[in-house]
Each structure stands twice: as C-alpha cells, then as structure tokens.
Amino acid sequence: MEAVLFILFGAIAVCGAIMVVTRKSPMASALYLILTLFAVAALFVLRQAHFLAAIQVIIYAGAVVVLFVFVIMLINVPEDRLPVERATTTRVLGILAAGFFILESAVLARRFYMPTGPATAVGTVEAVGRALFTDYLLAFEVTSVLLLAAVIGAIALAKRKI
Amino acid sequence: MIAPSAYLLLSAILFGIGVVGVVARKNILIILMSVELMLNGVNVAFVAAGSYLGDTAGGVFAFMVMTVAAAEAAVGLALLIALYRLKETIDITELRVLKW
C-alpha cells in the first residue's frame, strides 16, 4: 500500500515539477507548483511527518504560492511581452549538468546505507514541537529574527517612497 | 516497504528539475518558483532521512528550510516588483547592469 501511494504521489510531484519549469505562462507554473507541493505533503504523511505536511500546505501552498499569484497579477505582464526562451549553449549545458546530477545522486543513493523500516513517529506535532522548544530553541527563536528581516526588507524594497 | 534510496532519488529528481528551471528559463517569476522546487526537494530528503534514522532533527531542519523559503519568496518578489517598476521587464537576460 505504501509503495503504491509513494509511486502515485512521487509521479504527481515529478510531473507537476516538470510542468512548472516548462510552462510559458507564470500563472500556469504557479498552479502546477501547488500540485507539486500537495503531492510532497502527501509524501510527508507517508513518512508520518504530519506536522510538516500541515505546514507544507499552510505555508507553501497557502502563503508562498498565493504571494506568487499576487505578484503575477500585480505586474500582469502581457502575453506578447513574456521572455522568449531560446536554447543557447549555456542553457543546454545547464540542463545536461542537472541530468548528470540526478544520475549521480541515483548512484549515491543506492550506496548510502540507511536502515529500512516503518516510519518512526519523529515528524508528528508532538515530536517536532518537543524538539523545537528544547534542543533547537535558539534556532527557533532566531528564525523569528529572519522573518522580521524578510518583512522589513520586502516592504523597504517594494514601497515606492519610504 | 519503500527503500530510503527511493526517497533520496525522488528528492534528487525534484532538485534537478528545479536546477533546470533556474538555468534554462528567462522568466524571473519561474526562476523563483524553481528555487522553491529545489528547496522542496531538499525537504523530502530531510524528512525521509529523519524518519528512517529515527531522528527529530530531520523534521526540525525541514521546518527551518520552509521558513527560509518563505522569507526568500517574500524578498525575491519584492525585488521583482521594484525591478519591474524600473525596467518594465521580467526577462533575466535584459538585466546586466552589473555584468561587464
């Protein structure tokens, strides 16, 4: 059962990701990005990481992609002014490099030893919450400074006159 | 039962597709979305490794990656808006002020 679900959601995630990078219209890409993010959230549930699956849907699919859609509609580039994609040497080499990276990781992943077994409940709300507020408390608090910096930076950059 | 390597491979594929989007596309919006894809691919590896090894660090790191991704999207899109106001383009090849 787990294998079937893994293949199903893995295939959805990969197909969605391919569509994200191949669509011409940014809006179509954003919608396929949501599809991929939901499929990855399902994979998190398969690994018993319920907290991260919920966060993935709320933060990523909810906040980040909505921000993207917002900006796409705000700047609203007309169809004929979207950049024309051409296959230059640099681009083709970049795609080949990415393909090589995937192959290399496939070889490495087979050699890398990890105990196979049922998912341990380390990604549940309780487990992650306990870890965040004990062992990783400092990192968690510093995260809030990062978000504050991002908020101030985003406002300072996007505002016409400060 | 799924082998851990299957998750690592899926993570590498998502990351690789993200890399293709970053190097091969000209549309800045799609490049930013590809960066999100890359970060998501890394998260798959973190969560899978955490749950197979029985370590909460995997989940916590994935959480931090998500925070960074949200911050990056906010700042990146703000930059894009400022840029579009100035240059009226979202083509990355037309932005070469710092290129000699």
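Here is a walk through the pockets, the cavity, the salt bridges and a few local features of this predicted model. Because the model is predicted, local features need pLDDT of at least 70 and side-chain atom pairs count only at pLDDT 80 or more, while totals for chains, interfaces and linings use all residues. Residues are numbered from 1 along each chain as its sequence is written, chains are lettered from A and ligands numbered from 1 in the order in which they are written, and side-chain values use heavy atoms, with hydrogens and water left out.

Let's start with the open spaces. The largest pocket has a volume of about 300 Å³. A pocket here is an open set of points on a 1 Å grid over the protein atoms alone, with protein on both sides within 12 Å along at least five of seven lines, and a lining residue has an atom within 4 Å of a point. Points are joined across faces, edges and corners, and the volume is the space filled by probe spheres set on them. For the largest pocket the lining runs to 18 residues, and those nearest its centre are Ile59(A), Leu147(A), Met66(B), Thr67(B) and Ala70(B).

Which helices each supply at least two residues of that lining? They are helix H3 (50–75) and helix H6 (137–158) of chain A, plus helix H3 (57–87) of chain B. Helices are DSSP runs (H or I, at least four residues), numbered from the N terminus. H6(A) gives the most, with seven residues. By type, the lining of the largest pocket splits into 14 nonpolar, three polar and one charged. In this scheme Ala, Val, Leu, Ile, Met, Phe, Trp, Tyr, Cys and Pro are nonpolar, Asp, Glu, Lys and Arg are charged, and the others, Gly among them, are polar.

On to the second largest pocket, with about 240 Å³ of space. It is lined by 13 residues, and Phe101(A), Ser105(A), Leu8(B), Ser11(B) and Ala12(B) are the closest to its centre. Two or more lining residues come from each of H4 of chain A, helix H1 (4–24) of chain B and helix H2 (28–53) of chain B. H4(A) has the largest share, five residues. Here the lining divides into nine nonpolar, three polar and one charged.

Val92(A), Leu93(A) and Leu96(A) make a nonpolar surface patch of about 290 Å². To be in a patch, a residue needs over 30% relative accessible area and no salt bridge; nonpolar side chains (Val, Leu, Ile, Met, Phe, Trp, Tyr) are joined within 5 Å, like charges within 9 Å. The areas come from the Shrake-Rupley method with a 1.4 Å probe, and for residues only the protein chains shown count as cover. Val92(A) sits in helix H4 (residues 89–111) of chain A and is partly exposed at a relative accessible area of 40%. Buried means under 20%, exposed over 50%, and partly exposed in between (1.4 Å probe, protein chains only).

H2(B) provides the largest share, three residues. The cavity lining divides into four nonpolar, four polar and one charged.

Arg47(A) is in the loop between H2 and H3 of chain A and Glu2(A) in helix H1 (residues 2–22) of chain A, so the pair ties together parts 45 residues apart in sequence. Arg47(A) is buried at 1% relative accessible area, whereas Glu2(A) is partly exposed at 22%. A salt bridge needs a side-chain nitrogen of Lys or Arg within 4 Å of a carboxyl oxygen of Asp or Glu, and the count over all chains is two. In the pair formed by Glu126(A) and Arg130(A), the closest N and O atoms are 3.0 Å apart.

Last, some backbone. Gln48(A), not a glycine, has a positive phi of about 65 degrees. Asn76(A) also has a positive phi, near 45 degrees.

How values were computed. On a 1 Å grid over the protein atoms alone, a cavity is a set of points where a 1.4 Å probe fits but cannot get out, and a pocket is an open set with protein on both sides within 12 Å along at least five of seven lines; lining residues have an atom within 4 Å of a point.
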